[in-house]
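The structure is shown first.

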Amino acid sequence: MNRNKFLIDGKITVNRRLINEHYLMTVVISDNFPKPLPGQFVMVRLKGRHEPFLSRPFSIYQYNHQDDKVFVQILYRVAGKGTRILSELKRGAILEISGLHGHPFDILPHASNVILIAGGVGVAPISYLASHYKDNIHNTDMRLSCYLGAKSAKHLLGVETLRMSCSSVEISTDDGSSGYHGMVTESFARNVAAYPPDQSLIYACGPASMLKRISEILCDYPIPCQVLLEQRMACGFGACLGCTVEVKGAGEMKRYVRVCTEGPVFNIHDVIWG
Amino acid sequence: MSVNIGGLWLKNPVMTASGTFGYGEEYACYVDINRLGAVVVKGVSLNPRQGNPAPRIMEAPFGMINSIGLQNPGVKAFVTDKLPFLKQFDVAVIVNIFGETVDEYMRIADALTQADGIHALEVNISCPNVEKGGMCFGTDPEIAHEVTQRVKSVTHLPVIVKLSPNVTDIGEIADSVQAGGADAISLINTISGMSVDVENRRPHLKMVTGGLSGPAIKPVALKMVREVVKRVSVPVIGVGGIMNASDALEFLIVGAKAVQVGTANFVNPRATMDIIDGIEEYMMRHQMQDMRELIGTLNEEEGLC
């Protein structure tokens, strides 16, 4: 049996609102919860309940192993009924968690410029990835640059965590209340020419409109870019075929692949942006 | 716990429902496939199908709506790429098939009959018939009869016909597929439905409508299973919203000889194992030795008071 595939109970230790519709949940799990690779996700549901009916997919924000326990942090946005019910759960509530799902980010230990672009709650997997680079990749020539976008200064998430891992964190807000006044993609576009394509690598997660814009910017600057996509899912492990995304196939062909299994990490140029 | 479904012996009455268990691979790390009564694989068509654009699913109250669009690799790739995995196990493999024309159903059935390692066919008649203006095969008793008869004419495998609930008189359709030679009948497929995002005033699904599944449909499924059990003599397989052993027992008590577990697999990938354990425990507790002591024992005379 694959040790990385499990169905396990976890207990909520903290579930608090950070800002607006964003929440941070900490779940304690027995230590047979393996360390997720950046980009992998878990499916979470309230054990023994039919509402919400389906599990919800979440990226890992932080993972800590202490004694014989694992503490997993999930940074999430209340986007509908399911996440609203999860946000109302109190300390001690039991969750059923399946994982580890998905194809992780490719890690390039020898890149000179690792560029992270995160919009909104997309900061969760990007922050986990940044920590992974900081903790595991010991390349003194590597620079980790992060571009973080939000609606306003009040909506910024995970800035401190990112500052601990990254060489620089460029903030953008739609209303100009902090950092660059405008979209995070435009803040990145101002600097894109400075990154040598053969020594650089981009990771991005955020709204589809943000990822689409990055794909347009990169038409002129061929820096490799991996994006982490989000989609509604029923199972999270490849069976329901509910979470497909359209990608380029051979020649002019398009095909549907599963975000949960072939993704959630994709090469930005493989995805067909609607 | 064994049951006989139209000549096919199953070690227990718990199968997976088509479209919820892939071709078995995704579940191998969660369940012991050898313990299943049967695996009913995702529907197979003559040619590969890409399926529908996203969004394809939406949660509904106590269930979900899907419009996957019968995405599958086609019968040829199924036999060469998917079937070998299932052949490793000591489990009955039932292949769900569907076509756009009666001829397609026959060609798929023929191709699968020549393959090794398939124990029965399940015919999905809930899809559109392109020769009849897209009307569903399963809503017309004559066409349902014809599809059944034609599939039977090209295979020696037991043929299960899976009925659509989106009909006025399901008993009539059941009658006609039995007359067409069906060895067993499974029901129900999903119930047509939709839901709307009120903020954006858009349908939640790209295809607008889809099929509702999950516990929301269980009472409808049970009632239809009862109706069909009373109407036909061939074995009936109960499907629809089974989440746990108690749900499965309801169908068996009403008269289904076996059950299929569908949407529950998405929510709890070990659902089938829990259900088998639960039925075993129930039989022990009620001192039953044989499934026949359980199946069809609904006592309607001393009903609710």
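Strand 9 of chain A runs parallel to strand 10 (residues 168-173) of chain A, and 6 bridges join them. Strands pair if DSSP finds at least two bridges between them; helices (H or I, at least four residues) and strands (E, at least two) are DSSP runs, numbered from the N terminus. The model is predicted: local features need pLDDT of at least 70, side-chain atom pairs count only at pLDDT 80 or more, and totals for chains, interfaces and linings use all residues. Residues are numbered from 1 along each chain as its sequence is written, while chains are lettered from A and ligands numbered from 1 in the order in which they are written.

- Leu148(A) stands opposite Ile171(A) in strand 10 of chain A.
- Strand 9 of chain A, helix 3 (residues 159-165) of chain A and strand 10 of chain A form a right-handed β-α-β unit (with the strands pointing away from the viewer, the path from the first strand over the helix to the second runs clockwise).
- Strand 8 (residues 113-119) of chain A is parallel to strand 9 of chain A, with 7 bridges between them.
- Leu148(A) is also the bridge partner of Ala118(A).

**Burial**
- Strand 9 (residues 143-150) of chain A is largely enclosed by the rest of the structure, because 7 of its 8 residues are buried (20 or more other C-beta atoms within 10 Å of a residue's own, with C-beta atoms placed from the backbone).

**Contacts of Leu116(A)**
- Beyond its neighbours within four places in sequence, Leu116(A) contacts residues including Ile126(A), Leu144(A) and Tyr203(A) (C-beta atoms, placed from the backbone, within 7 Å).

Note on methods. A residue is buried if 20 or more other C-beta atoms lie within 10 Å of its own, exposed if 12 or fewer, and partly exposed in between; C-beta atoms are placed from the backbone. Two residues are in contact if their C-beta atoms, placed from the backbone, lie within 7 Å.
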